[in-house]
Amino acid sequence: MCGIVGYIGNKKAEPILIEGLTKLEYRGYDSAGLTILEKENFKTIKNKGRVKQLSEITSQENLVGTIGIAHTRWATHGKPSSTNSHPHNDSSNTFSIVHNGIIENYQELRKFLGENGYQFLSETDTEVIPNLIHYYFSKENEHSENTFLKAVNIATKDLKGSFAIGVLCTHFPDIMIAVRKDSPLVIGKGDGENFISSDIPAYLSFTHQFYFLKDNEFAVISKDSIDFYDTQLTKINKEISQIDWDATSAEKNGYEDFMLKEIYEQPNSIRETIGNHLSLNTPCQFDELNFSKEFLSQIHKIYIVACGTAMYAGLTAKTMLENICEINTEVDVASEFRYRNPLINKNTLCIFITQSGETADTIAALKLAKSKGATTLAVSNVEGSSITREADFVTYTHAGPEIAVASTKAYTSQITLLGILVIYFAETLGKNTKILEDMKKSILELPAKTEQLLSDITEIKNFAHEVYQVKDVFFLGRGLDYNSSVEGSLKLKEISYIHSEAFYSGELKHGPIALIEKDTLVVSVLTVQDLMDKSISNIQEVITRGAKTLIITDKILENSNFTKIIKVPETNQFLTPILSIIPLQLFAYYISKEKGLDVDKPRNLAKSVTVE
Ligand code: G6P
């Protein structure tokens with residue numbers, strides 16, 4: 001949601017800003033804009049629509065400035081339009097800013113500034129920020145880089161809500177200022193040039209060295225220096241992080257879409273997730289956790305909290321934790337958990353799963369759990385992301401950057417890592433179950449089985465071609481198969497806009513069956529052996545009512561009357577969701593392609609949901 005980039009150096013800023021915005025397109029947006037500071041004047045160009053359209057305009061403008069900021073906007077306050085797009089400049093055109101987040105008290109601030117002679121052009125909450133900075137700046141007798149920083153500092157103290165901001169000032173064409181609170185912002189360090197961006201992939205082709213700002217820390221950035229300050233404006237030291245992601249890992253590498261590339265990356269991303277955590281005949285290792293038997297023995301309750309796909313990965317972890325570790329586990333949606341006063345004490349472990357590490361609700365839920373005395377563990381894919389700075393413990397999925405909005409490789413890596421974590425808990429607790437060895441062996445086999453699954457995808461592609469015009473799709477499953485159904489259904493609706501819902505098969509007769517009519521498509525996942533007969537009976541009930549059926553299974557189903565069966569390799573029962581989901585990812589992908597949709601950037605959705 002909203003992408004920020006900024007550049008200061010010796011090169012022309014415009015193409016570098018456009019490149020950064022293009023890399024951040026995956027975050028979801030509806031308009032884009034940039035400001036270049038040239039000869040102490042702003043050139044601000046904004047446009048509703050894609051970055052490509054913006055670049056068609058900016059490339060005609062002969063913008064030679066070497067400092068600039070740019071933004072992709074996902075509309076919250078005010079419809080998508082060029083006026084509402086960022087950057088926003090103050091009434092006197094002295095300050096230009098890009099902002100990600102929401103200013104909750106903007107109406108109050110707008111009123112105050114209006115009374116002080118400031119005028120507003122847009123409907124956004126953001127436009128108060130440059131004006132507020134100007135208000136404080138103009139109160140200073142002398143104007144220096146210090147007073148610029150001071151004005152930004154005082155202005156941000158007035159803001160309620162969340163913000164990541166990049167600011168330029170016409171009086172100081174050699175610096176930009178960045179600050180954040182509860183919204184993501186990273187600073188890339190180059191050689192004679194520096195960058196700001198909402199996320200690491202924007203500038204991976206320029207640098208692998210990044211600084212991560214904490215809440216309410218300020219950075220004053222010139223082409224040769226980056227200075228950091230706290231809220232008292234005392235200079236602070238920050239450590240630089242070397243990010244080893246390959247620049248090409250954020251490129252399509254010949255694939256038509258990032259989603260397809262990421263689906264195909266799964267053998268490797270799962271391998272990376274396994275990393276050094278697991279090998280046969282030795283206990284699983286998590287150096288970053290180092291939990292003792294005493295610590296784990298006093299955990300009476302685990303909450304797994306997340307949003308969207310990450311939450312569905314949590315459903316499988318719950319089954320594993322309860323069955324293998326015998327620890328009572330609840331899975332909760334972060335936006336509910338944070339407001340429902342969950343029962344938490346010092347014997348509670350809260351696990352927060354988030355690919356981006358920036359999901360606002362998940363971070364807020366973690367802060368709540370921490371304030372109530374729980375131990376917090378974040379499972380994230382992005383080093384240095386906001387949640388990793390808040391949690392007591394962090395472990396990474398190492399799936400590499402995921403760009404497509406619809407999550408694929410992050411999900412399979414999350415379940416893989418959680419599976420290893422559960423084995424680690426069980427071993428630490430001294431649970432000597434036979435299943436641990438089988439799980440270990442099966443996890444190590446996952447990359448090869450995923451590869452096998454992806455080696456021939458013709459059947460699912462052809463089936464997508466046959467049915468892509470359906471209006472409604474229902475997904476059914478029991479136990480772990482329900483988890484795959486609900487995630488498969490989410491994938492389909494996200495990128496194909498087809499109405500789709502998932503139900504527990506056993507709930508069919510309690511309502512959903514009323515929706516089944518001739519040619520309704522019902523997708524069912526069938527891997528849990530003990531529940532197989534019951535699930536098949538449910539499918540027969542929909543077939544009797546005229547439904548077409550797509551079955552994802554690891555069993556040989558003979559003499560069946562299903563419309564299409566897709567076979568996946570067998571694995572340990574707890575790991576089946578990792579393999580069952582792959583044909584469903586491809587099914588959603590190919591249906592979206594058949595419908596001619598933008599697979600990577602579905603309408604209204606954002607990759608990183610940084611506001612509530
Ligand atoms: C958005 C994305 C989903 C993702 C969810 C949680 O809704 O579109 O793909 O599962 O956020 O994101 P997180 O980064 O916290 O895993």
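**Cavities, rings and backbone**

Author: This is a predicted model, and it holds three cavities of 30 Å³ or more. The largest cavity takes up about 190 Å³ of space.

Reader: Which residues are the closest to the centre of the largest cavity?

Author: Of the 26 residues that line the largest cavity, Ser198, Asp199, Ser356, Glu358 and Val382 are the closest to its centre. Sorted by class, the lining of that cavity is made up of 11 nonpolar, seven polar and eight charged residues.

Reader: Let us turn to the aromatic side chains. How many aromatic pairs does the structure have, and what describes such a pair?

Author: In general, a pair of aromatic rings is described by two values, the distance of the centres and the angle of the planes. Two rings count as a pair if their centres lie within 6.5 Å, and planes over 60 degrees apart make the pair edge-to-face. By this rule the structure has 23 aromatic pairs. One of these is formed by Phe112 and Tyr135, with 5.0 Å from centre to centre and 80° between the planes, and is therefore edge-to-face. This pair links distant parts of the chain, since Phe112 belongs to helix α3 (residues 106-115) and Tyr135 to helix α4 (residues 128-138), 23 residues apart.

Reader: Which residues form an aromatic cluster, and where does a charged end sit over a ring?

Author: Phe286, Phe291, Phe295, Phe393, Tyr424 and Phe425 form one aromatic cluster. As for charges over rings, the charged end of Arg603 sits over the ring of Tyr497 at 3.9 Å from its centre, and Arg50 lies over the face of Tyr29, 4.8 Å from the ring centre.

Reader: What do the buried residues of helix α7 pack against?

Author: In helix α7 (residues 266-274) the buried residues are Gln266, Pro267, Ser269, Ile270, Thr273 and Ile274. These buried residues pack against four helices, α6 (258-264), α13 (409-428), α14 (434-455) and α18 (576-594). Just after α7 comes Gly275, which takes a positive phi of about 45°.

Reader: Which residues other than glycine have a positive phi, and where is a peptide bond cis?

Author: Most residues other than glycine have a negative phi, and most peptide bonds are trans. Lys39, although not a glycine, has a positive phi of about 45°; Lys39 is found in the loop between β2 (31-38) and β3 (41-48), and at 81% relative accessibility it counts as exposed. Asn290 also has a positive phi, near 50°, and lies in the loop between α7 and α8 (293-297), where its relative accessibility of 63% makes it exposed. The peptide bond from His86 to Pro87 is cis, with omega near 0°, and Pro87 is placed in the loop between β4 (67-73) and β5 (88-89).

Reader: What does Val422 touch, not counting residues up to four places away in sequence?

Author: Val422 is in helix α13 and is buried, with a relative accessible area of 2%. With those neighbours in sequence left out, Val422 touches Ala317, Met320, Leu321, Ile324 and Cys325. Along the chain Val422 and Ile324 are 98 residues apart, while their C-alpha atoms are separated by 7.5 Å.

Reader: And where is Gln209 placed, and what does Gln209 touch?

Author: Gln209 is in strand β11 (residues 209-212) and counts as partly exposed, because its relative accessibility is 30%. Not counting residues up to four places away in sequence, Gln209 touches Ile187, Gly188, Lys189, Ile240, Ser241 and Gln242. Gln209 and Tyr396 are 187 residues apart in sequence, and 19 Å apart in space from C-alpha to C-alpha.

Technical notes. Residues numbered from 1 in each chain as written. Predicted model: local features only at pLDDT ≥ 70, side-chain atom pairs only at ≥ 80, totals over all residues. Heavy atoms only, no water. Phe/Tyr/Trp six-rings, centres within 6.5 Å; stacked < 30°, edge-to-face > 60°. Helix = DSSP H or I, 4+ residues; strand = E, 2+ residues; numbered from the N terminus. Lys NZ or Arg CZ within 6 Å of the ring centre and 35° of its normal. Buried < 20%, exposed > 50% of the residue type's maximum accessible area, 1.4 Å probe, protein only. Contact = heavy atoms within 4.5 Å. 1 Å grid on protein atoms, 1.4 Å probe; cavity = no way out; pocket = protein on both sides within 12 Å on 5 of 7 lines; lining within 4 Å. Points joined across faces, edges and corners; volume = space filled by probe spheres on them. Nonpolar A, V, L, I, M, F, W, Y, C, P; charged D, E, K, R; others polar.
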